[in-house]
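Have a look at the model first.

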Amino acid sequence: ADYADFCTGVRFSECVTYESSSPSALLRTSLTTFERAGLIASKFLSLSQLVNIGLLPWRLVAKQFGLPQLAPGNLGRSTSAATLAVFDELSRRLSNAEPGNVYFAHILLPHYPYSFDENCRLLNWRDWEKPFTGRDLTKRRHAYFAQVRCTTSKIDMLLKALDRSPAGKNAVPVSHGDHGSRITQVEPSHQSIGKFTASDVIATYSTLFAV
């Protein structure tokens, strides 16, 4: 993903970067033209200094144009939609893996927004959940777990593709996350000491490491 630069100053035979927030990925989804236009409008608004410093009342704008009632910092994200689209290409590459090859992939899933159900079907964009919204904790968790199941099915697809490759029978896959779900009642930080719980800490900092 373009979220972090893993290519500059590193020796590699090939480096492929996908744009994690590009609206072009939305063209390959079931979203209508109106829905895509709404997301793109949200992206532009998220860059507006008037919104970010509070001079433009976002909630009023959102209500006027039928956009989700989200905090300005979370507007217009389509990270998960852009990421899901790269799994097929990665699967194709892994199916051709040769002995001695090393593949490194930075995949932003099950990263928010939680826009897919457990079968990787795209949800109505107004139902896309994020960990930081003030909505019901259980609802956010269910949305996250559904996208985790979708992600797990895609990882299963990658492992099967690798298994079919010339290198597959002697390959070592490593999966490493970078943080937990971040679905909390109170964000654990030094400003909120005494307010957050052990569950908040686990949700924020736990991660996956599997070989």
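## Where Ser181 sits

Ser181 is in the loop that runs between β1 (175–176) and α7 (198–205); helices are DSSP runs of H or I with at least four residues and strands are E runs of at least two, numbered from the N terminus. Ser181 is buried at a relative accessible area of 16%, where buried means under 20%, exposed over 50% and partly exposed in between, using a 1.4 Å probe and protein chains only.

Leaving out residues up to four places away in sequence, Ser181 touches Tyr114, Pro131, Tyr144 and Ala203 (contact: heavy atoms within 4.5 Å).

## About the model

This is a predicted model, in which local features need pLDDT of at least 70 and side-chain atom pairs count only at pLDDT 80 or more, while totals for chains, interfaces and linings use all residues. Residues are numbered from 1 along each chain as its sequence is written, and side-chain values use heavy atoms, with hydrogens and water left out.

## The disulfides

How many disulfides are there? The count is 2, taking a disulfide as a pair of cysteine sulfur atoms within 2.5 Å. With the bonded cysteines numbered in sequence order, the pairing reads 1-2, 3-4.

Cys7 and Cys15 are joined with their sulfur atoms 1.8 Å apart. Cys7 is buried at 17%, whereas Cys15 is partly exposed at 32%.

## The link to helix α6

Cys120 and Cys150 form a disulfide with sulfur atoms 2.1 Å apart. Their link is right-handed, with 110° about the S-S bond. Cys120 lies in the loop between α5 (87–94) and α6 (137–164) and Cys150 in helix α6, so the pair ties together parts 30 residues apart in sequence. Cys120 is buried at 16%, and Cys150 is buried at 0%.
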